[in-house]
Amino acid sequence: MPDHAPPTRDEVIAMEKRYWSAVMAQDGDRAAELSADPSVIAGPRGVMSVPRNEIGAMTKAGGWRLNAFDFEDIEVTIPAPDVAVIAYTLHQNITMNGEPRTMRAADCSTWVRSENGWRCCAHSETLLDPA
């Protein structure tokens, strides 16, 4: 049995925003630090299991840049004291191959607490039609 309290809704939202802030800053070290080893990712490129060091490299990869992001329709559930799931609609302003774009997606992340702190162990993203 864990000897600590489960996270609050606000703490889970803050963890997710820290991750996206690391991506926006292209801080691969911070993104890797917040990721499980490996992390499972499902999105437009399919399903993959990604080692932590590759998460950092993906964050720094060229061709695109995250300029801004915002969450809405946030849902958080805490199925166990050391597990948190967050789902939300993501609005992101990106630059891809030099062209500015606005994207909208439904995202979901699962966070697990270990002796090393909270780590994102799974993330999925489904692109939505523009609003």
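Predicted model: local features only at pLDDT ≥ 70, side-chain atom pairs only at ≥ 80, totals over all residues.

Biologist: What volume does the largest pocket have?

Modeller: The volume of the largest pocket is about 930 Å³. Its lining comprises 31 residues, and I41, R45, M58, W64 and E125 are the closest to the pocket's centre.

Biologist: And which elements give two or more residues to that lining?

Modeller: They are α1 (9-24), β1 (35-43), α3 (52-60), β4 (83-96), β5 (99-114) and β6 (117-127).

Biologist: How does the lining divide by class?

Modeller: It has 19 nonpolar residues, nine polar ones and three charged ones.

Biologist: Turning to the strands, do β3 and β4 run parallel or antiparallel?

Modeller: Strand β3, residues 64-80, runs antiparallel to β4, and 12 bridges join the two.

Biologist: Which residue in β4 stands opposite E75?

Modeller: That residue is A87.

Biologist: Now the largest nonpolar core: which members touch the most others?

Modeller: Among its 24 residues, these are Y19, W20, F71, I86, Y88 and W111. At least two residues of this core come from each of α1, β3, β4 and β6.

Biologist: Which element gives the most?

Modeller: α1 does, with seven residues.

Biologist: What is F71 in contact with, leaving aside its neighbours within four places in sequence?

Modeller: F71 is in contact with I13, E16, K17, W20, Y88, T89 and L90. Of these, W20 and Y88 are also listed with F71 among the core members that touch the most others.

Methods: Residues numbered from 1 in each chain as written. Heavy atoms only, no water. 1 Å grid on protein atoms, 1.4 Å probe; cavity = no way out; pocket = protein on both sides within 12 Å on 5 of 7 lines; lining within 4 Å. Points joined across faces, edges and corners; volume = space filled by probe spheres on them. Helix = DSSP H or I, 4+ residues; strand = E, 2+ residues; numbered from the N terminus. Nonpolar A, V, L, I, M, F, W, Y, C, P; charged D, E, K, R; others polar. Pairing = 2+ DSSP bridges. Core = buried A, V, L, I, M, F, W, Y, C linked by side-chain atoms within 4.5 Å. Buried < 20%, exposed > 50% of the residue type's maximum accessible area, 1.4 Å probe, protein only. Contact = heavy atoms within 4.5 Å.
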